[in-house]
2 protein chains.
Amino acid sequence: MRDLIALASKPEIISFAGGLPAADCLPLEEVQTALEAVLTRDGARALQYGPPFGPLKEWIAGYMRGRGVACSAEEVFITNGAQQALEIVSRLFLDPGDIAALESLTFTGVAQAVQGHGAHIRPVHLDLETGVDVDALEAAFAQEPRPRLAIIIPEFHNPTGVSLIAEKRQRVAELAARYNVPVVEDDPYSPLRYEGETLKPIKAYDTANAVIYQGSFSKMLAPAMRLGWLVAPRELLPRITVLRESIDLESSQLLQRTAAEFLTAGYLEPHLQRLNATNHTRRDVLFEALRHELGDVAHWTAPQGGLFVWVTFNTALHTGELFGAAIAKQVAYVPGMHFSTNGGYTNTMRLNYSNATPERIVEGVQRISAVVREALAKP
Amino acid sequence: MRDLIALASKPEIISFAGGLPAADCLPLEEVQTALEAVLTRDGARALQYGPPFGPLKEWIAGYMRGRGVACSAEEVFITNGAQQALEIVSRLFLDPGDIAALESLTFTGVAQAVQGHGAHIRPVHLDLETGVDVDALEAAFAQEPRPRLAIIIPEFHNPTGVSLIAEKRQRVAELAARYNVPVVEDDPYSPLRYEGETLKPIKAYDTANAVIYQGSFSKMLAPAMRLGWLVAPRELLPRITVLRESIDLESSQLLQRTAAEFLTAGYLEPHLQRLNATNHTRRDVLFEALRHELGDVAHWTAPQGGLFVWVTFNTALHTGELFGAAIAKQVAYVPGMHFSTNGGYTNTMRLNYSNATPERIVEGVQRISAVVREALAKP
């Protein structure tokens, strides 16, 4: 998929393939102001080694409490983005041959993290309207050998854009406790809501401390901060601390302090408003273009935030096999099979709408439609 | 050791325990200038996801060529500091139960990285004047089961300050090739030379591509950059790239670009001159204080750069057991046994001299001497 996205990054290609925040929405001035404030105030301490930055942990704990998660700064662990959090939990819980329960469609980095530690994936059906099938999840938890870990992306799910409905969130937390399977809630996208009702994270329903939450500043602030966090049971934190030290010691003091300054200075809310308004417009443009161009041959998910829409063709069109024709027509998407953990989804594609202008979105969908109709016209 | 260094960080304690660059020598203004230049020039690209930053790789390749290593940017891999490089090579080469050949004294992060992947350590005697014993290294390579990896700190070795002499560097490279044991050259300190002749890295003698070099910007620029690099055989790089993606995706674009700007703007050389002049003075003060206070009961290494001096007592004084008494007298060091891979070195200590003023160095050694003499006076 790395090669595919590289191929799609040429400027003449209209790419729905990436997962990047809109470049024109990154909070450049605010980050610059925060950096200057930190260097002026903290001086050399901002360039030195140091323990996890307390005010950043405090801000995160307050943010999590605001989302309904009982949480103190002591339960927050700073990571280099969500991917390092995935690596840490995979390494903590998985030995070669263990089972990890993953959604039938999931972010490639999730599968990479667990397979990197030799785990086998037990796919759990993802419903494209309401999120992971909780009965299937219970069956996966009950089956021997039991999974040692489950990873669920509850909000504006990558790749599908689906949000797990509230009653299922509660059920997931209950299942984690009942079957003693740690559930990792991978949640980088929830701040990117532009429509509909805010949902509490799974962790908010977790009375048994069986859920590990992971958040990320990559999408809500900027990818180059390389900062994310875990909210984990207190008894796990000494092991996480020692493990992190052996992996790469610590996160940058400069970036931790700059993120804390950005957040406590109140830059987040207006930034998210701008970002989400832009994404909202672009999603609407995409929806309209899809209806117009592909309404008779495909259907798609209805995300209320995040970066992705998931398109399923009504026939057995193989989007992987069409990819070369799409590139020839200078448009790119990610064939859905790349996110599949059960071998299916060959007639699907992930479309990222956050990083193209409305004009290019319309033009891009027209190109996809042309490719699709050529394929459908073949005997 | 984390707890020990935390204990030693109280301001009333004169600490020789850390491994921090001198705070007053960190290039604050230059980093600030570089950051501003990057944000002005690159805008949102500096906050976005992105591939490893080409100009930084190019600078590193040129720097390595200047040190005698035939190297192109394609063989350079950017990491989050040397610790992530250690993690990557450990994960690439070691499975549980494998043997890793390490020096009999080594940085704790080296031991943590290999043990974190289940490897057993085969200690190789470190000569405190000329560096690792190459005959012992050959014996360790020849013994079955053969090591899958060796890690050597060639220059201003942590914890001892020892530099591996040139003829031994050549021999290490030859042994790596002859016995087919990949040797990792962990070299964060070589830019910190203030005295004596510059030595080529082991990698410069490596005609068989059996040595993996790792450098770090933590000591030569600033720890909070969280940047280091590997120079690795070309055929390993695809595996390293995929592995890194699963570990934490990538290093910060902002920090990579800022480092590249700092380096290409010519800030490195004057910064190193100031830094090394300061360290030189502090080492001389430490030597003089040691001669005056402990000359009759101990001897020590003679580093020509770096951050550490290694003190060995002439009798079986247990520096670990003295640590409480030292803290009570408000002075701290690291008991040498914490760096030992063979269970010895209980009568040694590591002293960091870079991060205390001359006055505090003198006072600190007087306090250590008082603790030591009380212990020696006991029957």
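Within strand 12 of chain B, Val311(B) is the bridge partner of Trp300(B). This pairing, like everything described below, is taken from a predicted model. Strand 11 of chain B, residues 298-300, is joined to strand 12 of chain B by three bridges, and the two strands run antiparallel. Strand 12 of chain B also pairs with strand 15 of chain B, residues 348-352, again in the antiparallel sense and over five bridges, and in this second pairing Val309(B) stands opposite Leu351(B) of strand 15. Of the six residues of strand 12 of chain B, residues 308-313, five are buried, so the strand is largely enclosed by the rest of the structure.

In chain A, an open sheet of four strands has the order 11-12-15-14, with antiparallel pairing. Its edges are formed by strand 11 (298-300) and strand 14 (334-335) of chain A, each of which has a single partner strand, so that one side of each is left without a neighbour in the sheet. Strand 12 of chain A, residues 308-313, and strand 15 of chain A, residues 348-352, pair in the antiparallel sense over five bridges, and Thr312(A) has Thr348(A) of strand 15 as its bridge partner.

A parallel pairing is found in chain B, where strand 3, residues 99-103, is joined to strand 4, residues 120-124, by five bridges. Ala100(B) stands opposite Ile121(B) of strand 4 of chain B, and strand 3, helix 5 and strand 4 of chain B together make a right-handed β-α-β unit.

| Strand pair | Sense | Bridges |
|---|---|---|
| Strand 11 and strand 12, chain B | antiparallel | three bridges |
| Strand 12 and strand 15, chain B | antiparallel | five bridges |
| Strand 12 and strand 15, chain A | antiparallel | five bridges |
| Strand 3 and strand 4, chain B | parallel | five bridges |

Turning to helix packing, the axes of helix 6 (residues 134-142) and helix 7 (residues 166-179) of chain A come within 10 Å and cross at roughly 10°. Because angles under 35 degrees count as roughly parallel, helix 6 of chain A and helix 7 of chain A are described as roughly parallel to each other. Helix 6 of chain A contributes Val134(A), Leu137(A), Glu138(A), Phe141(A) and Ala142(A) to the contact, while helix 7 of chain A contributes Lys168(A), Arg171(A), Val172(A), Leu175(A) and Tyr179(A). By class, this contact of helix 6 with helix 7 of chain A has seven nonpolar and three charged residues, with no polar ones.

In chain B, the loop between strand 7 (149-152) and helix 7 (166-179) holds Ile165(B). Ile165(B) has 16 other C-beta atoms within 10 Å and is therefore partly exposed. Apart from its neighbours within four places in sequence, Ile165(B) is in contact with Thr130(B) and Gly131(B). Glu155(B), ten residues from Ile165(B) in sequence, lies 9.1 Å from Ile165(B) in space, C-alpha to C-alpha.

The contact between the two chains takes 36 residues from chain B and 36 residues from chain A. On the side of chain B that touches chain A, at least two residues are supplied by each of helix 2 (28-42), helix 4 (81-93), helix 5 (108-115), helix 9 (237-248) and helix 10 (253-264) of chain B. The largest share of that side, five residues, comes from helix 2 of chain B. By class, the side of chain B that touches chain A has 19 nonpolar, 13 polar and four charged residues.

Note on methods: Residues numbered from 1 in each chain as written. Chains lettered and ligands numbered in written order. Predicted model: local features only at pLDDT ≥ 70, side-chain atom pairs only at ≥ 80, totals over all residues. Buried ≥ 20, exposed ≤ 12 C-beta atoms within 10 Å, placed from the backbone. Contact = placed C-beta atoms within 7 Å. Nonpolar A, V, L, I, M, F, W, Y, C, P; charged D, E, K, R; others polar. Axes fitted to C-alpha atoms, helices over the stretch in contact; angles between N-to-C directions. Parallel < 35°, antiparallel > 145°, perpendicular 65-115°, else oblique. Pairing = 2+ DSSP bridges. Right-handed = clockwise from strand over helix to strand, strands pointing away.
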